[in-house]
Each structure stands twice: as C-alpha cells, then as structure tokens.
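Please open the model in a viewer and keep the selection panel at hand.

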Amino acid sequence: MEGRNHSVVSEFVLWGLAHSKNIQDLLFMVFLMLYLLITSGNIVTMMLITTDHQLHSPMYFLLANLSFVDMWLSSVTTPKMITDFLRENKTISFAGCMSQIFFAHFIAAGEMVLLVAMAYDRYVAICKPLHYFTIMNLKRCTGLVLTSWTIGFVHAMSHLVVIVQLPFCGPKEIDSFFCDMPLVIKLACMDSHDLDILMNANCGVVAVICFILLLISYTYILLTVSRSSKDGASKALSTCTAHIAVVLLFFVPCIFIYVWPLNIIWLDKFLAVFYSVFTPLLNPAIYTLRNKEMKNAMKRFINYHLGPKGYI
C-alpha cells in the first residue's frame, strides 16, 4: 500500500433528509420554492444596489457582496439536494464530493470575513463619522472584499489538500444531503480521530477569530450608540440589530457543526440546512425589510420600471 493512492471509491451515496417518498416529494416543492426565493431575493438586492445611485455607499457595496456570497453558498448544496428528492439513487462522484467540500468552506469562510468587514464599516460609520468616507473609500472596501475571498480560498484549500489524499476504500454512505467534511473524514480507511480534531481546529481558527472581532466591533458600537442622541442612536441601533441577527444566524450553526460538533445526526442536518438555505434566504429579507433606504430604492425601481410612463 505504500506510495499508492488508497482511494478506490469513485462515488458516495447521500442518504438525504428523508426516506419516505411522500415526504421527499413535499420537501422537493418546499426547497425548490425556497431556492427560487434565495436566488431572486439576493439578485434583487444586488440589482437595486448596483442601479440605484443613492445606494452607492460603502455599506451597500459590502451588502451587495454579501448577497452574492449568500446566493453561491446556497447553490453549492441546495440544487443537488433538490434533484436528489426525485432520484432513487442519490449518488455523487468523488470529484463532485470534493468540490462541495471545497466550495462550501471557501464561501462560508469568505462570508465570515465579509461579516467582519461589514462590522468594521458600521464601527467607522458610528464611532468615527467625520472620517467615514475617507477611511471606507472604494480602495479600502475592495481590499476588504478581496481579503475575504483570499482567506476563504486558503481555508478551503487547507482542507482539500488533506481530504483528497485520504484512503477511501468503503463504506461510502453519507448520512446527509451533501458531502459534509466531518462525515466524509469518518469514511476514510484509517483512524480519523486526530484528523477530525485538526480539521475542527482549522475551522475554529477562522470562526472564533471572526466571532471575537465581531463581538469587539459591536460592543464598541453599542457603547457609542448609548452615548449618542436619541434619533441617531435609534437609527444606528436598528442597523446594528440587523447585522447582529445575520451574524448569529450564520455563526451559530457553523460553530456547532465544525468547531464544537454535537454529533447528533438529525441536529447536524437541521443546522446544515439552516446555514445553507435559511440564512441566505433571511439575509436579504432582514436587510431589506428593516432598511428604509432599501425599501425606498425598491419603490423607486418599481415606479420607474412598472409605473405610469413618465412617473418616477
């Protein structure tokens, strides 16, 4: 066995979310509608920010990037899950499995860093308002976005180069709807305990550092807001509440899957569905429904394109 590629498994079998045909048909309709809402909601958010000049500011530049990331985060696993509801043999090729692991961690780690960048943006806007546009210029915003993608890529590659070399010789069943890294590691023909700890630590470095930076940023913001005028504090608190809600929706499931795993199959499936489907669905809703400028931009867009001719 020395010096040879131990991988003889060419595909994996995904057990999915349910075994009953009736339940699978119901889940197909539910998740198809949710995925259409995710893609349309995030596309609308990006389109509004791109076309409406009143939204050309650092905060909305980062929000547009978050919508782009959310759309792809869901697209890594959800389309495969939806089509598998209609298939009797729910298989995924070895290459497809490795691709899911890579892109899931690439996009998720990138989103964590992007959320830190958004918290930094709010910190500068609220704590250093006179220097906001000087600090958060286009070059700085672009650099923050590129940094998030770079960290995500490095994080994902650090997983992929290890997992792709593991000896897979059977079994090949994964009790999930996608190739979840901890479950794939358990299929390796070796003692994976130490590797499991190493991978969890790797995820923990990104997740915990980002979470601590977010806590520090929002603590400073809330302390500053508490000393501000009533009107200014109300607006800032409303914006920060939306940001904090998004952070909790994304980080809590990720932490309990990859950093501090509970190893409860049904709960892991629920948390995986939550961060890959419901978080990308709720993000545009949270930012749009709680944001007056986004709602006004939507009204302007509807009036311009669908209203009476000449009415803007």
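Predicted model: local features only at pLDDT ≥ 70, side-chain atom pairs only at ≥ 80, totals over all residues.

Residues are numbered from 1 along each chain as its sequence is written, and side-chain values use heavy atoms, with hydrogens and water left out.

**The sheet**

Select residues 11-14, which form strand E1; helices (H or I, at least four residues) and strands (E, at least two) are DSSP runs numbered from the N terminus. Strand E1 belongs to an open sheet of 3 strands with mixed pairing, in the order E2-E1-E3; two strands pair if DSSP finds at least two bridges between them. The pairing of E1 with E3 is parallel, over 2 bridges, and Leu-14 stands opposite Ile-174. Next, show helix H3 (residues 94-127), which lies across E1, E2 and E3 and runs at about 85 degrees to E2.

**Helices H1 and H10**

Select H1 (residues 21-51) and H10 (residues 292-306), which pack at about 80 degrees with axes 10 Å apart. Axes are lines fitted to C-alpha atoms, for helices over the stretch in contact, and angles run from 0 to 180 degrees between N-to-C directions. H1 is therefore roughly perpendicular to H10 (angles of 65 to 115 degrees). Display the side chains in contact (heavy atoms within 4.5 Å): among them, Val-44, Met-47 and Leu-48 of H1, and Met-294 and Phe-301 of H10.

**Helices H5 and H7**

Move to H5 (residues 138-163) and H7, whose axes are 10 Å apart at an angle of about 170 degrees. The two helices are therefore roughly antiparallel (angles over 145 degrees). Here His-155, Ser-158, His-159 and Val-162 of H5 meet residues of H7 including Asn-202 and Cys-203.

**The largest cavity**

Which residues lie nearest the centre of the largest cavity? Select His-105, Ala-108, Met-112, His-155 and Tyr-258, which belong to a lining of 13 residues. This cavity holds about 130 Å³ of space. H3 gives the largest share of the lining, 5 residues, while H7 (193-226) and H8 (230-259) each supply at least two.

How values were computed
Parallel < 35°, antiparallel > 145°, perpendicular 65-115°, else oblique. 1 Å grid on protein atoms, 1.4 Å probe; cavity = no way out; pocket = protein on both sides within 12 Å on 5 of 7 lines; lining within 4 Å. Points joined across faces, edges and corners; volume = space filled by probe spheres on them.
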